[in-house]
Amino acid sequence: MNKNSTVPTYYFQAIRSIIPYATKIERPRVPGNGYCTFIVQDEENNKYMFKFNDFDMVFKNIQFNKVLRKNGISVPNLEQHVYKAAWMETYQMMRGRTLYESVKDGLPNNMVHNVYHDIIEDFIKMSQIDIRELPKTEFAEIHQVTQHDVAANTSKLAAPLFAGAVRIMNHGKKDDLGLYHCGISPKNIIVTPDGKYAGLIDMDDVAISNKNYAFGVMATQYERLGYNPNELIDMYEGISGEGLDHKHLERIGKINEFGRWAMWKAGLRQNQK
């Protein structure tokens with residue numbers, strides 16, 4: 001019997017096929033595209049994240065997760081499971097909570113800056129991954145991920161338009177292409193209880209992209225926290241010794257802001273149908 005009344009029976013049964021003695025199944029408290037995402041607690045109070053996804057996306061996430069971990073980047077250890085036709089990616093949750101929650105509760109500015117300093121270190125490690133050695137997968141490039149996610153969560157009609165815009169934003173030097181987390185936002189950053197960087201979550205956003213695009217997305221999210229994105233740019237260039245395309249970053253920031261508004265409008269229209 002499904003005592004977790006807010007969890008659809010099919011998902012409940014799939015989760016219990018992996019953790020038979022799950023004592024609690026709930027949706028994440030942090031808002032986002034979490035309809036098919038659940039936090040599961042077992043008898044020993046360990047917590048796991050369960051995300052239901054297409055097989056090809058799960059496979060891509062698992063493969064790229066292995067590459068990131070092999071290169072010393074702070075991400076959870078993903079596993080894949082299947083129940084009937086339902087594919088899941090799961091991981092034991094990191095100790096802590098999202099930067100989004102921590103900032104809302106008053107995490108001091110200096111600690112936020114320290115978190116981003118460590119994220120920059122991980123970003124530099126991503127830039128050193130040779131994409132020629134990546135496993136072949138569907139959804140390998142960020143515009144492909146965008147088309148999939150917009151179609152699944154917002155609007156199938158709008159998906160090609162958003163994917164096309166992302167593809168244009170990723171034009172640039174071949175040397176700038178790499179395997180990056182293209183969704184580094186406060187909701188995808190985990191910090192420890194004492195406010196230190198623990199790692200990045202949401203492997204959907206890990207894909208081949210232009211360095212400036214991935215960095216631009218992160219800088220835009222940093223600015224939404226109330227900070228100057230130039231601080232982040234200076235931090236990266238100071239640590240890595242490499243320059244970024246500042247004009248490209250500015251364009252990405254403006255387009256991302258427009259895209260955020262357009263996504264909201266598209267989702268609103270979709271919900272009204």
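User: Buried means under 20% relative accessible area. Is Phe 139 buried or exposed, then?

Analyst: In this predicted model, Phe 139 has a relative accessible area of 17%. The limit for buried is under 20%, so Phe 139 counts as buried.

User: Where is Phe 139 in the fold?

Analyst: Phe 139 lies in the loop between α4 and α5. Its phi is positive, about 60°, although Phe 139 is not a glycine.

User: And Lys 84, what is its phi?

Analyst: Lys 84 is not a glycine, yet its phi is positive at about 55°. This residue sits in the loop between β4 (79–83) and β5 (86–92).

User: Is Lys 84 buried or exposed?

Analyst: Lys 84 has a relative accessible area of 64%, so it is exposed. Phe 139, by contrast, is buried.

User: What about Gln 144, which helix is that in?

Analyst: Gln 144 belongs to helix α5 (residues 142–153). With a relative accessibility of 32%, Gln 144 is classed as partly exposed. From C-alpha to C-alpha, Gln 144 is 9.1 Å from Val 166, and the two are 22 residues apart in sequence.

User: Stepping back, how many helices and strands does the chain have?

Analyst: The protein chain contains nine helices and 10 strands. Of its 273 residues, 49% are buried. The accessible surface is about 14,600 Å², and carbon and sulfur atoms account for 49% of that surface.

User: What share of the contacts joins residues at least 24 apart?

Analyst: That share is 66%, taken among contacts between residues at least 6 apart in sequence.

User: On to helix packing. At what angle do α7 and α8 cross?

Analyst: Helix α7 (residues 211–224) and helix α8 (residues 229–240) cross at roughly 135°, and their axes come within 8 Å. The two helices are therefore oblique to each other, and α7 passes α8 in a right-handed crossing.

User: Which residues meet there?

Analyst: From α7, the residues are Lys 211, Phe 215, Met 218, Ala 219, Tyr 222 and Glu 223; from α8, they are Pro 229, Glu 231, Leu 232, Ile 233 and Tyr 236. By class, this contact has eight nonpolar, no polar and three charged residues.

User: How is α4 placed against α7, roughly parallel or antiparallel?

Analyst: The axes of helix α4 (residues 109–127) and α7 come within 13 Å and cross at roughly 170°. Angles over 145 degrees count as roughly antiparallel, so α4 is roughly antiparallel to α7. On the α4 side the contact uses His 113, Tyr 116, Ile 119, Ile 120 and Phe 123, while α7 supplies Lys 211, Ala 214, Phe 215, Met 218 and Tyr 222. This contact has eight nonpolar, one polar and one charged residues.

User: And α4 with α8, how far apart are the axes?

Analyst: The axes of α4 and α8 are 10 Å apart, and the packing angle is about 50°. That makes α4 oblique to α8. The crossing of α4 past α8 is right-handed.

Terms used. Residues numbered from 1 in each chain as written. Predicted model: local features only at pLDDT ≥ 70, side-chain atom pairs only at ≥ 80, totals over all residues. Heavy atoms only, no water. Helix = DSSP H or I, 4+ residues; strand = E, 2+ residues; numbered from the N terminus. Buried < 20%, exposed > 50% of the residue type's maximum accessible area, 1.4 Å probe, protein only. Contact = heavy atoms within 4.5 Å. Areas by Shrake-Rupley, 256 points an atom, 1.4 Å probe, with all protein chains shown as cover. Axes fitted to C-alpha atoms, helices over the stretch in contact; angles between N-to-C directions. Parallel < 35°, antiparallel > 145°, perpendicular 65-115°, else oblique. Left-handed = near helix turned anticlockwise from the far one by under 90°. Nonpolar A, V, L, I, M, F, W, Y, C, P; charged D, E, K, R; others polar.
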